[in-house]
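Please look through the sequence and the model shown here before reading the report. The text is meant to be read with both at hand.

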Amino acid sequence: MAILDAIPGLEVTVQVDGYNVREYTDPYAVRHRPPSRGACPKVVKYIESKTGANFAVCFLKDPDFKQLSHHIAFRVHVDSIEAGFFHEPNSHNFREWGVKVDGGSWKGQRGITSYQFRFADFSILPNDDFSLQEIEDHKHEASRIGTIKVSVYDMEEGIFVEPNRRGGREESAEEVLMRQDHFAEKAVKGDRALTHSVDFDNRRETPFNPIRRSDGLIKKSVWADPRKRPFAEFEFRYRSMEGLIQEAIVSCTDHMDDEQVREYAQTLERDNLRLQAQNNRKRAAPDDGDAQSSKRMRMDVDPVVIDLTHDDDDDDDGYWW
């Protein structure tokens with residue numbers, strides 16, 4: 001589970017098939033000093049992603065959490081797309097509150113489009129298949145994938161306001177949630193070993209029913225911080241196991257069970273013995289220097305006389321020593 005020592009009482013986990021995934025910490029991350037007063041503490045964990053696996057984000061506030069506002073709320077972003085904003089009910093202010101988010105939604109003018117989270121492959125194509133501008137566009141898009149982020153806020157009691165009647169261009173959920181399914185190689189190669197993105201599975205549309213009073217007013221969120229800044233952030237960077245190894249987050253044996261580790265050690269031992277045998281054979285065989293010495297000895301016994309007075313003659317098979 002991801003926790004923050006600076007803010008006890010909160011934890012966030014990612015689950016696949018109802019089980020918490022194993023979390024990894026970057027062993028080479030720069031260790032900064034604790035954040036100054038007013039700064040937002042943040043924890044970063046790495047997790048393994050597997051193609052086609054549905055996952056959920058689980059948020060838990062336990063009773064030991066120190067409440068500083070009317071209630072708290074958290075926002076989930078998956079690949080930089082907001083998946084939902086969840087408010088703590090008034091009845092849970094001083095006791096445990098937990099939410100499992102296995103998908104998100106997008107509010108459009110025609111209703112709500114909901115979806116489930118799922119890890120998905122994308123294709124990596126040669127750079128020559130794309131123009132320079134397309135490669136730059138792919139780099140921008142690739143910078144948005146590979147992360148699951150939870151931001152936590154102090155909130156005041158919501159207020160009821162007149163609904164916003166302003167019109168505008170209707171933007172479909174399909175347009176907003178659409179993701180690249182292929183990238184130029186240059187866009188995804190580098191320090192970040194991107195291997196998956198998140199697609200949005202099992203989409204369904206439902207009518208939009210905001211919290212509304214009999215007088216037609218709707219409820220609006222009110223942040224305790226006028227600048228709407230979070231007071232805690234939890235970030236998960238997902239990669240395939242190959243990607244985690246490539247980024248040196250885990251070693252090649254960290255994800256093996258005991259039997260796999262033994263087999264890996266035996267393979268290394270066999271490879272080592274084979275290399276030793278090859279080196280022993282090389283040392284036992286005469287090298288080129290020994291062959292040349294033998295040749296020189298034979299030449300000393302039966303020397304070849306070279307006539308230096310005929311410069312224009314064709315080269316013969318003799319040796320220069």
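## The chain as a whole

This is a predicted model, and its chain contains six helices and 17 strands. Of the 321 residues in the chain, 33% are buried, and the accessible surface comes to about 21400 Å², with carbon and sulfur atoms holding 48% of that area. When contacts with a separation of 6 or more are considered, 79% of them are between residues 24 or more positions apart.

## Confidence of the prediction

The pLDDT averages 78 over the chain, and 72% of the residues reach a score of at least 70. Over residues 293–321 the pLDDT is below 50, and the model gives this stretch eight contacts beyond near neighbours in sequence. Residues 167–171 also have a pLDDT that stays under 50, and for them the model has seven contacts beyond four places in sequence.

## Strand 5 and its partners

Strand 5, which covers residues 42–48, is joined to strand 4 (residues 23–24) by two bridges, and these two strands run antiparallel. Within this pairing, Tyr24 has Tyr46 of strand 5 as its bridge partner.

Strand 5 also pairs with strand 17, made up of residues 232–239, and here the sense is parallel, with seven bridges between the two strands. One of the residues involved is Ile47, whose bridge partner in strand 17 is Tyr238. As a general point on such elements, the side chains of a regular strand alternate between the two faces of the sheet.

The whole structure holds nine salt bridges. In one of them Lys42 is paired with Glu235, and the closest N and O atoms are 2.9 Å apart. Because Lys42 lies in strand 5 and Glu235 in strand 17, this pair ties together parts that are 193 residues apart in sequence. Glu235 forms a salt bridge with Arg237 as well, the closest N and O atoms in that case being 2.7 Å apart. Through shared partners, the salt bridges join Lys42, Glu235 and Arg237 into one network.

## The Lys61–Glu88 salt bridge

Another salt bridge links Lys61 to Glu88, where the closest N and O atoms are 2.6 Å apart. Lys61 belongs to strand 6 (residues 55–61), while Glu88 is in the loop between strand 8 (81–87) and strand 9 (97–101), so the pair ties together parts that are 27 residues apart in sequence. Both Lys61 and Glu88 are buried.

Arg239 is a residue of strand 17, and because its relative accessibility is 1%, Arg239 counts as buried. The side chain of Arg239 makes a polar contact of 2.6 Å with the side chain of Glu247. Leaving aside residues up to four places away in sequence, Arg239 touches a set of residues that includes Ile47, Glu48 and Ser49, as well as Gly146, Arg192, Ala193, Leu194, Thr195, Leu244 and Glu247.

Ser240 lies in the loop between strand 17 and helix 4, which spans residues 241–246. With a relative accessibility of 10%, Ser240 counts as buried, and beyond residues up to four places away in sequence Ser240 touches Glu48, Ser49, Thr195 and His196.

## An exposed loop residue

Where does Ala6 lie, and is Ala6 buried or exposed? Ala6 is found in the loop between strand 1 (2–3) and strand 2 (10–16), and its relative accessible area of 56% makes it exposed, the limit for that class being over 50%. Although 226 residues separate Ala6 from Ala232 in sequence, the two are 9.2 Å apart in space, C-alpha to C-alpha.

Key:
Residues numbered from 1 in each chain as written. Predicted model: local features only at pLDDT ≥ 70, side-chain atom pairs only at ≥ 80, totals over all residues. Heavy atoms only, no water. Pairing = 2+ DSSP bridges. Helix = DSSP H or I, 4+ residues; strand = E, 2+ residues; numbered from the N terminus. Buried < 20%, exposed > 50% of the residue type's maximum accessible area, 1.4 Å probe, protein only. Contact = heavy atoms within 4.5 Å. Areas by Shrake-Rupley, 256 points an atom, 1.4 Å probe, with all protein chains shown as cover. pLDDT = per-residue confidence, 0-100. Salt bridge = Lys/Arg side-chain N within 4 Å of Asp/Glu carboxyl O. Polar contact = N/O pair within 3.5 Å; in protein donor to acceptor, adjacent residues only side chain to side chain.
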